[in-house]
Protein chains: 2
Amino acid sequence: MSQSLAKIKKDFTQGISQISRFWGFPKGMGAIFAVLYISPTALSLDEIVTETGLTKGAVSTEIRTLARMGLVHRSTKLGDRKDYYTAETDFYAAIRSILQERQNSEFDRAVRSVRDTLTAMEDNWVENEEWNFVYARVQALQEFFDAIDSLSKAVIKLESLGLSNVTKILGVLK
Amino acid sequence: MSQSLAKIKKDFTQGISQISRFWGFPKGMGAIFAVLYISPTALSLDEIVTETGLTKGAVSTEIRTLARMGLVHRSTKLGDRKDYYTAETDFYAAIRSILQERQNSEFDRAVRSVRDTLTAMEDNWVENEEWNFVYARVQALQEFFDAIDSLSKAVIKLESLGLSNVTKILGVLK
DNA sequence: GAGTACGTTTAGTAATTACTAAACGTAATA
DNA sequence: TATTACGTTTAGTAATTACTAAACGTACTC
């Protein structure tokens, strides 16, 4: 009944693709991860191509971002010039890796622009009601971003704590 | 120097738009929120239109999703048939609201599909190595999703705890 | 050093998403 | 009942993003 295993794999892959899209990633990326995740062996780029139905080019570029996120790992076999890929199975590690990735890049730049707004106002201060109001609001927002920032840094630092433990702890706080 | 306040508002709005896009929301949505956030008074739909440069239609639809997320609030004035909008300033409340929103919808459906994969395998069991392997992997993924689920439920339950406190607590765990 | 087996880049296309313009519905006002 | 002042819906367009097909580069093999 290997036929129905094929169907199960296909359904699973579709499900992960949906989840991928939900989180704002291309669905092809989800498909690639899914295929690797349920494969007992490391797969070559061409094997991924046939499993997902995407082209080499697409797999090549998307798998690079998956690797950068720490969701897949590239390896090689001696005397074989193909690259082989496996899925990361420690999702907690993957989350940390993604957070680290986001630490730099776009988001940081955008957050910095809020801080810039604040210093621009300070450097150019006008004492009136609206000015004060806007300043206070922007400042509150910046504090919120700072909190997010330290939260994600804290999560990054947690080496071995499983997500379920974090859940329990938050549960106790209620 | 009200002219430079206008510039500051514009820069701030642009920054928030970027952040909005980063999180996978339309940048117009970010602009609408930003304009409301730094406005001392509640704004009507048409005022938002002139401030953001979007059309009525766009503001109408996007503000509805902002309201559903709890990021803005709609209000009315007696003897005035306009709707007025204000920004939510308690971001922690907004986060809870967004999590609650996501609890239903797409993501849940996708996660359910993983669970379906598991039961499909159980109902149709074949005893061989690959089958066992795939089952174990899918099961691990499902446990991860369950953990995420209880984490978000736990966060939703925390009524009054500020985000910065959560940060501190996670810091201690290290 | 010609042929082959790869991964990558690029230029173009398909699909999706964000938005506009304008018609529409509704309720208050005259 | 006609007019006005609103918010919503809809049908189409612009912009963005995901992807394909094919050329390309590189390095290994004979």
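**Exercise 1. The second largest pocket**

Which element supplies the largest share of the lining of the second largest pocket?

*Solution.* The model is a predicted one, in which local features need pLDDT of at least 70 and side-chain atom pairs count only at pLDDT 80 or more, while totals for chains, interfaces and linings use all residues. Residues are numbered from 1 along each chain as its sequence is written, chains are lettered from A and ligands numbered from 1 in the order in which they are written, and side-chain values use heavy atoms, with hydrogens and water left out.

Step 1. On a 1 Å grid over the protein atoms alone, a pocket is an open set of points where a 1.4 Å probe fits, with protein on both sides within 12 Å along at least five of seven lines; lining residues have an atom within 4 Å of a point. Helices are DSSP runs of H or I with at least four residues, strands are runs of E with at least two, and both are numbered from the N terminus.

Step 2. Take the volume, which is the space filled by probe spheres set on the grid points, these being joined across faces, edges and corners. For the second largest pocket it is about 600 Å³. Of its 31 lining residues, Lys9(A), Lys10(A), Thr13(A), Val35(A) and Glu51(A) are the closest to the centre.

Step 3. Assign the lining to elements. At least two residues each come from helix H1 (2-22), helix H2 (27-37) and helix H3 (45-52) of chain A, and from helix H6 (105-123) of chain B. The largest share belongs to H1(A), with 13 residues.

Step 4. Sort by class: Ala, Val, Leu, Ile, Met, Phe, Trp, Tyr, Cys and Pro count as nonpolar, Asp, Glu, Lys and Arg as charged, and the others, Gly among them, as polar. The lining of this pocket has 11 nonpolar, 12 polar and 8 charged residues.

**Exercise 2. Burial of a helix**

How many of the 11 residues of H2(A) are buried?

*Solution.* Step 1. Buried means under 20% relative accessible area, exposed over 50%, and partly exposed in between (1.4 Å probe, protein chains only).

Step 1. In H2(A), 10 of the 11 residues are buried, so this helix is largely enclosed by the rest of the structure. Among them are Gly28(A), Ile32(A), Phe33(A) and Tyr37(A).

Step 2. Turn to helix H5 (residues 91-103) of chain A, where Gln100(A) lies. Gln100(A) is partly exposed, at 43% relative accessible area.

**Exercise 3. The surface near DNA strand C**

Which residues are the closest to DNA strand C?

*Solution.* Step 1. A residue is near a strand if one of its heavy atoms lies within 4 Å of it. DNA strand C is surrounded by 20 residues, the closest being Lys56(A), Ser60(A), Arg64(A), Arg81(A) and Lys82(A). Of the atoms of DNA strand C within 4 Å of the protein, 62% belong to sugar and phosphate.

Step 1. List polar contacts, here pairs of N or O atoms within 3.5 Å. The side chain of Lys56(A) places an N or O atom 3.0 Å from a base nitrogen of DNA strand C.

Step 2. Name the elements. Two or more residues come from helix H4 (56-69) of chain A, and from helix H2 (27-37) and helix H4 (56-69) of chain B. H4(A) gives the most, with 5 residues. By class, this surface has 4 nonpolar, 6 polar and 10 charged residues.

**Exercise 4. The sheet of chain A**

Which strands of chain A stand at the edges of the sheet?

*Solution.* Step 1. Two strands pair if DSSP finds at least two bridges between them. In chain A, 3 strands form an open antiparallel sheet in the order S1-S3-S2.

Step 1. Strand S1 (43-44) and strand S2 (72-76) of chain A are at the edges; each has a single partner strand, so one side of each is left without a neighbour in the sheet.

Step 2. S2(A) pairs with strand S3 (residues 83-87) of chain A in the antiparallel sense over 5 bridges. The bridge partner of Ser75(A) in S3(A) is Tyr84(A).

Notes. A polar contact is a pair of N or O atoms within 3.5 Å; within protein, one must be able to donate a hydrogen and the other to accept it, and residues adjacent in sequence count only if both atoms are side-chain atoms.
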